[in-house]
Amino acid sequence: MPESREFLESTLNAMKDHIVVIDHTGNILFVNNAWTTFGKDNSCPSSIDWKNTNYLEVCENSASTGDEFGRRAADGITDVISANSEEFYLEYPCHSQSEKHWFMMQVTPFNLKDHRYFVISHRDITKRKLAENKVLTLSRIDGLTEVSNRRHFDEYLDFEWERCARLRSPISLAMIDIDHFKILNDTYGHQAGDSCLKKIAGVLKTYTQRPSDMCARYGGEEFAIVYGNTDADHAQMLIKRLMKSIRDLRIPNEESPITPYLTISIGLITMYSHEKNNATMLIKAADQLLYQAKDNGRNQVSYKQEALQAAHSDT
């Protein structure tokens, strides 16, 4: 087998992984063709001399701009150089304006003639990440209505609660129940019931278009809407319009004791985060308001806003 430098470099240049070799100070000693080509394709100057570049400094400079992955890469490489870790792995995004890419960095040391070197490889894992993201998205979607499911709702509400808490902004939650849905199912059959759920979900989607909005199938014939950074007046306006849109569907429910068409009941709460409440209490309050709307005859919204002074009691 050939043992020349030319043979080894040709082997490394044939690999699709982006490979760089550094010394104990972080100076680059070798890059393969895949590394150079990727750099050119992503706006690195074609004249750059990689062998006069310090890879650790590149990572540190990236970290200084607030890049989390630059910080983690610098720390991981340093740990391997210092022999605090045998090797280091990092998955990170590297998106362009037109495409999304993910890579896995691996740092591995080796010794040659009493000197210690470090191979850093970057493997394209885009196909795997896209597949994983597709599975994750499907796991968060209700199969019938194609809106978020209960699991995603719980995750999103916790996230949005914390975000609104940091911003000291209000969050509104609507719990929605289809009135006399069992009667509709018994009268027209389960296929008609499924069709009804899909139509309701379609309307909810049109009222949750902002990045801070989300709608979900909470369970059975019950749905939920989260309006992040949304005050009481705006939330009530949206919900009143939503109720009218549902009525305008004129989905038959002739045996309903309310009207011959499908209606909904809603519990709507607006809260500010403070030390005495949390996302669980937000759900509980919306549920109680929903039951109040149903007890009062259904086909209506029961609304409550938390007092502003309570919201800012920690200031």
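**Helix pair H3 and H4**

I looked up the axes of helix H3 (residues 55-64) and helix H4 (residues 68-81): they come within 7 Å and cross at roughly 145°. Axes here are lines fitted to C-alpha atoms, for helices over the stretch in contact, with angles from 0 to 180 degrees between N-to-C directions. Helices (H or I, at least four residues) and strands (E, at least two) are DSSP runs, numbered from the N terminus. I noted the crossing of H3 and H4 as left-handed, that is, the near helix is turned anticlockwise from the far one by less than a right angle.

I then listed the contacts (heavy atoms within 4.5 Å). From H3, Tyr55, Leu56, Cys59, Glu60, Ser62 and Ala63 meet Gly70, Arg71, Ala73, Ala74, Ile77, Thr78 and Ile81 of H4. By class, this contact of H3 with H4 has 8 nonpolar, 3 polar and 2 charged residues, with Gly counted as polar.

**Source**

The model is predicted: local features need pLDDT of at least 70, side-chain atom pairs count only at pLDDT 80 or more, and totals for chains, interfaces and linings use all residues. Residues are numbered from 1 along each chain as its sequence is written, and side-chain values use heavy atoms, leaving out hydrogens and water.

**Two serines**

I found Ser4 in the segment before helix H1 (5-13). Ser4 is partly exposed, with a relative accessible area of 34%; buried means under 20%, exposed over 50%, partly exposed in between (1.4 Å probe, protein chains only). I read 60 Å between the C-alpha atoms of Ser4 and Val147, which are 143 residues apart along the chain.

Ser212 lies in the loop between helix H8 (190-206) and strand S7 (213-219). Ser212 is buried, at a relative accessible area of 11%. Leaving aside neighbours within four places in sequence, I found Ser212 in contact with Tyr156, Glu160, Arg163, Val226, Tyr227 and Gly228.
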